Amino acid sequence: GSLGRDARATVDFRVGGGFRVTTARPDGTNWAYAGTYSSIEPLRCIVHDVRWDAPMGYESDHERVTVNFRACAEGTMVEYTHEGVPGESAREEHARGWADTFDALARMLAQTAQTG
């Protein structure tokens, strides 16, 4: 996944604040995405928009991500919704990219739990 490459992030985690994530690609280019937080409910929900500085192959000014957190028997269920991606091909690409990101997060969390 892309998280193994040089990735950098800046975050101002507050409503009205924003973030920017830049990732080095294998071809030497940098892709980035940014957003502004529109809602933060501690331990419950985070909502932000998404703006791309990358060759996405489409234009959209209305992408929004909602992340809900819910207690469950195993700990916390995280529900991730990315809205506003036009076209089936772009949606499939995003689904693959986010799946890679979540797989990398799961590996990192498992490693952290083992090293305590």
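Before we look at any contacts, a definition: helices are DSSP runs of H or I with at least four residues, strands are runs of E with at least two, and both are numbered from the N terminus. What we have here is a predicted model, in which local features need pLDDT of at least 70 and side-chain atom pairs count only at pLDDT 80 or more, while totals for chains, interfaces and linings use all residues. Residues are numbered from 1 along each chain as its sequence is written, and side-chain values use heavy atoms, with hydrogens and water left out.

My topic today is salt bridges, where a side-chain nitrogen of Lys or Arg lies within 4 Å of a carboxyl oxygen of Asp or Glu. By that rule, the count is nine salt bridges.

Let me begin in helix α1, which covers residues 88-115 and holds both Glu88 and Arg91, three residues apart, about one turn of the helix. Their side chains form a salt bridge, with 2.9 Å from N to O. Helix α1 also contains Glu93 and Arg96, again three residues apart and separated by about one helical turn, and these two side chains meet in a salt bridge at 2.3 Å, N to O.

Now, are these residues buried, exposed or in between? Buried means under 20% relative accessible area and exposed means over 50%, with partly exposed in between, using a 1.4 Å probe and protein chains only. Glu88 is partly exposed at 47%, and Arg91 is partly exposed at 40%; Arg96, at 45%, is partly exposed, and so is Glu93, at 47%.

Finally, Glu79 and Arg70 pair through their side chains in a salt bridge of 3.5 Å, N to O. Glu79 is partly exposed at 34%, and Arg70 is partly exposed at 43%.
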